[in-house]
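Student: I would like to go through this structure with the definitions at hand. Please show it first.

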Amino acid sequence: MLSQLSLKNITVAYGDKIILENLNVEINKGEFVSIIGPNGTGKSTLIKAITDLIDVKNGVICIDGRKNSNISRKERAKLIAVVPQEFNIDFDFNAFDIVMMGRNPHQYGKDKDPVKDYEVVNEAMLMTNTWQLKDRYFNELSGGERQRIIIARAIAQQSDIILLDEPTSHLDVHHQLEVLELVRMLNKNKKITVLAVLHDINMAARFSDRLILLNEKKVLADGPPDYVVDEKILGKVYAMEMLVRNNNLLSSKEVIPIRVIKEKKSMEGVKVHVIGGGGSGEQILERLNSLGVDLSSGVVNQGDSDWEICKMLKITTVEGKPFSEIDDKTHKENIELIKEADFILVTDVPFGSGNLKNLQALTHADCPIFMIKRDGPFDYTEGKAEKILESLKNTKQFEYLESYDEFVELICKGERK
Amino acid sequence: MERFTEKHLWKIAALLVVVVVVTATTIGVAEISFFDTIKILLDHIPSFDPDLEGIRASSRTIVWSIRLPRVLLALLVGGGLAVCGASYQGIFKNPMADPFILGVSSGAALGATIGIVFHFSFGFLGLDSVSIMAFIGAIAALFLVYNISRVGNKVPVNTLLLSGIAIGQFLSALVSLLMIFSDQLNRVLFWTMGSFNAKSWTQLLVVLPYVGFGAVFIYLQHRELDIMLLGEDTAAQLGVDTEKLKRHMLVVTAVVTAAAVSVTGIIGFVGLIIPHIVRIVTGPKHRRLIPYSFIGGGIFMIFCDTLARTLASQEIPVGIITSLFGGPFFIYLLKQKKGRAI
């Protein structure tokens with residue numbers, strides 16, 4: 001396939017500070033490619049290099065097979081349109097004036113054709129649903145409207161390539177979607193090649209054919225969203241714990257950021273086993289995990305919301321079958337974890353025939369057991385659970401707690417001892 | 001609706017210029033009636049043959065050879081400075097910019113001062129040595145500022161503005177130094193406050209091509225000047241060769257300013273405030289801003305010069321009048337706008 005935009009061994013620097021180093025990127029005709037990456041990795045610099053706003057120290061950029069350095073500004077504006085971040089202007093231009101500025105490269109010398117200019121601007125503004133705003137001052141429009149005007153300006157340039165430099169960074173979710181849907185529409189219907197710098201990985205994955213991940217001056221990954229949106233790749237680059245899962249509704253991968261990776265985990269090596277279920281453990285599991293506690297949990301039924309959290313956080317978990325009683329095998333596994341634990345926490349979960357064995361398993365514990373006092377009924381087993389609880393109180397180091405805060409406080413103290 | 005008003009605005013503006021020029025020409029120490037003045041003026045237009053009986057020859061000389069060229073020169077200089085100010089404010093995207101911001105006026109002042117202090121006495125094209133020295137000084141100052149600011153083939157705007165101010169201050173200091181060691185202190189001082197006194201057709205014809213060509217050239221860039229207001233990067237991405245545009249604008253504006261200043265001395269404020277006032281009426285688009293700035297600047301200058309020569313028995317330098325009236329008026333307009341950017 002013909003590559004419409006090609007960057008070969010590009011090095012860009014501000015003074016002595018190298019921003020991009022030996023970068024290679026090929027964009028094919030009709031592609032929708034997004035550039036993602038942490039702040040300061042040169043994403044916007046790439047846009048500047050392509051539009052010749054910054055000198056390229058090394059390497060060659062080609063647009064439609066022509067060397068970028070041989071292309072005049074006027075010609076380049078016919079080949080490439082740029083949609084910048086949302087911005088303000090200090091002067092009272094109306095929306096129509098701004099879109100008409102997109103015609104500038106076509107208005108020199110013999111090219112001048114005011115009738116055609118008007119038609120093109122009219123079409124671009126209708127396409128972006130901004131024609132009704134034409135007489136309004138640009139500054140008085142909302143952020144989303146302004147960005148649509150700027151996209152109309154890019155359309156009016158009649159270029160084959162549109163570069164977008166974080167076009168949605170100041171917009172709310174509604175307008176982010178609106179802008180990106182508009183760009184995708186241009187990409188599909190008008191066959192315009194799109195190269196977008198985007199902050200939002202999920203938006204990028206959802207709308208792009210291909211993602212390019214920049215990190216530390218270089219391309220770290222380049223490929224379809226399903227390949228680039230990967231916990232290992234992204235987690236390292238963004239220095240963050242995240243969950244990547246398939247969003248079946250949008251049929252794309254999506255990232256759920258969990259937390260920034262902290263260098264010191266204060267409670268490392270402290271083993272805590274949590275007995276929960278039914279969503280009773282969600283908060284405390286996340287909290288203990290963030291403290292660096294060596295967590296385990298069991299038995300949790302597959303599909304339970306506590307189970308989902310355990311999976312996301314990669315907590316050692318004894319899994320039971322959905323909607324079934326705990327079988328002997330999982331029961332034994334649970335007992336093993338209980339024996340190893342330094343602390344055991346029982347959430348304010350009620351007990352029924354399905355999870356009664358979780359309570360029974362506690363009779364094997366060698367460590368302190370803490371239980372969060374439940375407000376509602378606790379025993380759905382006609383006294384069996386009560387009975388086990390009574391024996392635990394008598395034979396083990398057992399204590400009721402009012403809140404999870406108390407538990408966190410306790411294990412922190414215990415750790416210090 | 002907009003087209004209707006625009007058409008009429010042009011007619012009104014043109015008519016206003018004619019009325020102001022004629023009215024200013026009738027005003028003066030020598031009492032010549034309004035109708036006599038019109039008759040004298042009409043006499044110089046082919047196919048008009050007014051009855052000049054009873055009008056003294058001296059009146060004809062005063063109207064045609066003294067007042068009219070002076071009024072027209074004020075129109076030209078005021079208009080030229082306002083157009084230069086408007087274009088600078090556009091390319092620098094800075095509301096404080098005026099034609100003198102890059103040190104052109106200080107260069108002219110130094111040139112003129114050298115001419116005055118060292119009693120140069122050469123002439124060229126009917127111009128005296130002071131005017132010629134001022135012109136050379138102005139162009140030299142721009143050349144200096146431009147080359148100091150240049151990085152490779154680019155001229156960053158902020159560097160340009162700062163070095164313009166630095167060079168301006170430096171050259172002004174040299175002027176002051178020359179002044180205090182000279183017996184020509186008065187002449188230098190008066191020169192730096194500007195005057196249309198004793199200007200004739202000669203000066204007018206010398207300045208005309210510079211201002212005429214310059215104003216038309218700047219007008220022809222109106223589309224690119226508009227786009228520059230969105231910022232240099234955006235302008236470049238929309239196909240404007242920003243460096244070339246800046247270079248052309250700097251040179252043309254400096255030449256127009258130098259030509260104006262060299263015959264009249266430094267007349268401040270017109271180039272700064274007129275574009276702002278005009279922008280309130282016409283909006284930011286240079287297609288209208290540039291011509292109306294010319295008209296506005298011209299009319300304002302004629303008004304100020306008429307006051308300068310009639311207010312007191314002794315002629316007041318016109319630069320004093322422009323600032324004296326322009327300053328408060330401009331502040332009034334700023335307050336009217338209630339903090340809105342203009």
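Tutor: Start with a definition: two residues are in contact if their C-beta atoms, placed from the backbone, lie within 7 Å. The contact between the chains takes 18 residues from chain A and 17 residues from chain B. This is a predicted model, in which local features need pLDDT of at least 70 and side-chain atom pairs count only at pLDDT 80 or more, while totals for chains, interfaces and linings use all residues. Residues are numbered from 1 along each chain as its sequence is written, and chains are lettered from A and ligands numbered from 1 in the order in which they are written.

Student: Which helices of chain A each supply at least two residues of the side that touches chain B?

Tutor: They are α2 (73-79) and α3 (95-101) of chain A. The largest share, three residues, comes from α2(A). Helices (H or I, at least four residues) and strands (E, at least two) are DSSP runs, numbered from the N terminus.

Student: What confidence does the predictor give the complex?

Tutor: The complex has an ipTM of 0.84 and a pTM of 0.80.

Student: Why is Val120(A) called buried?

Tutor: A residue is buried if 20 or more other C-beta atoms lie within 10 Å of its own, exposed if 12 or fewer, and partly exposed in between, with C-beta atoms placed from the backbone. Val120(A) has 20 other C-beta atoms within 10 Å, so Val120(A) is buried. Val120(A) is in helix α4 (residues 114-127) of chain A. Not counting residues up to four places away in sequence, Val120(A) touches Arg103(A), Ala156(A) and Gln158(A).

Student: Why is Asn129(A) called partly exposed?

Tutor: Asn129(A) has 13 C-beta neighbours inside 10 Å, and therefore counts as partly exposed. Asn129(A) lies in the loop between α4 and α5 (143-156) of chain A. Its phi is positive, about 55°, although Asn129(A) is not a glycine.

Student: Where is Lys93(B), and why is Lys93(B) called partly exposed?

Tutor: Lys93(B) is in the loop between α3 (57-92) and α4 of chain B. With 18 other C-beta atoms within 10 Å, Lys93(B) is partly exposed. Phi of Lys93(B) is also positive, near 50°, in a residue other than glycine.

Student: How many helices and strands are there in chain B?

Tutor: Chain B has 14 helices and zero strands, whereas chain A has 15 helices and 18 strands. One of the strands of chain A, β14 (residues 294-301), holds Val299(A). The peptide bond from Gly298(A) to Val299(A) is cis, with omega near -20°.

Student: What span is expected for helix α5 of chain B?

Tutor: The expected span is 1.5 Å times one less than the number of residues. Helix α5 (residues 129-149) of chain B has 21 residues, and its 30 Å from first C-alpha to last is close to the 30 Å expected. Its buried residues include Met133(B), Phe135(B) and Leu142(B). What covers the buried residues of α5(B) includes α4 (104-117), α6 (157-180) and α11 (242-264) of chain B.

Student: Why does the radius of gyration of chain B agree with a compact globule?

Tutor: The radius of gyration is taken over C-alpha atoms, and the globule rule is 2.2 Å times the number of residues to the power 0.38. For 342 residues a compact globule would have a radius near 20 Å, and chain B agrees because it has 21 Å. Of the residues of chain B, 48% count as buried.

Student: What does the rule give for chain A?

Tutor: A compact globule of 417 residues would have a radius near 22 Å, but chain A has 29 Å. The C-alpha atoms of chain A fill a box of roughly 100 × 45 × 40 Å, taken along the principal axes. Buried residues make up 40% of chain A.

Student: Which domains does the assignment give chain A?

Tutor: It gives domain 1 (3-238) and domain 2 (271-416), with bounds that come from an automatic or database domain assignment. Taken over C-alpha atoms, the centres of the two domains of chain A are 52 Å apart.
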